[in-house]
Amino acid sequence: MDRARRERLKWKARRGLLELDLVLQRYLEGNPGDEELFELLDLPDNDLWDIVSGRSERFDPKLGGLVARLRSA
């Protein structure tokens, strides 16, 4: 992933929910070029937080690995 795309990913990961913002920023520190994250970042904050916090399993099964990594971040 080129630098501009990584910066775009970091910008998209900035969220209105503090808890979600903290998880995503911490995740990106260790995985700065995770292309899969773009798909999840299209979700509204509350839906994404429900997935990351384990309250929802409503996500594309192909993103299961990413969700597991986010939940452990």
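A salt bridge is taken here as a side-chain nitrogen of Lys or Arg within 4 Å of a carboxyl oxygen of Asp or Glu. The model under study is predicted.

**Exercise 1.** Determine how many salt bridges the structure holds, and examine the one that Glu35 forms with Arg5.

*Solution.* By this criterion, the structure holds 9 salt bridges. One of them joins Glu35 to Arg5, whose closest N and O atoms are 2.9 Å apart. Glu35 belongs to the loop between α2 and α3 (37-40), while Arg5 belongs to helix α1 (residues 3-12), so the pair ties together parts that are 30 residues apart in sequence.

**Exercise 2.** State where the charged end of Arg5 sits, and search the whole structure for aromatic pairs.

*Solution.* The charged end of Arg5 is placed over the ring of Phe38, at 4.1 Å from the ring centre. The search for aromatic pairs returns 0 across the whole structure.

**Exercise 3.** Describe how helix α2 and helix α5 cross, and which residues meet.

*Solution.* The axes of α2 (residues 18-30) and α5 (residues 64-72) come within 9 Å and cross at roughly 105 degrees. Angles of 65 to 115 degrees count as roughly perpendicular, therefore α2 is roughly perpendicular to α5. Val23, Leu24 and Tyr27 of α2 meet Leu66, Arg69 and Leu70 of α5. Classified by residue type, this contact has 5 nonpolar, no polar and 1 charged residues.

Key
Residues are numbered from 1 along each chain as its sequence is written. This is a predicted model: local features need pLDDT of at least 70, side-chain atom pairs count only at pLDDT 80 or more; totals for chains, interfaces and linings use all residues. Side-chain values use heavy atoms; hydrogens and water are left out. Axes are lines fitted to C-alpha atoms, for helices over the stretch in contact, and angles run from 0 to 180 degrees between N-to-C directions. Helices (H or I, at least four residues) and strands (E, at least two) are DSSP runs, numbered from the N terminus. Angles under 35 degrees count as roughly parallel, over 145 as roughly antiparallel, 65 to 115 as roughly perpendicular and the rest as oblique. Contact means heavy atoms within 4.5 Å. Ala, Val, Leu, Ile, Met, Phe, Trp, Tyr, Cys and Pro count as nonpolar, Asp, Glu, Lys and Arg as charged, and the others, Gly among them, as polar. Rings of Phe, Tyr and Trp (its six-membered ring) pair if their centres lie within 6.5 Å; planes under 30 degrees apart count as stacked, over 60 as edge-to-face and the rest as tilted. A charge sits over a ring if NZ of Lys or CZ of Arg is within 6 Å of the ring centre and within 35 degrees of the ring normal.
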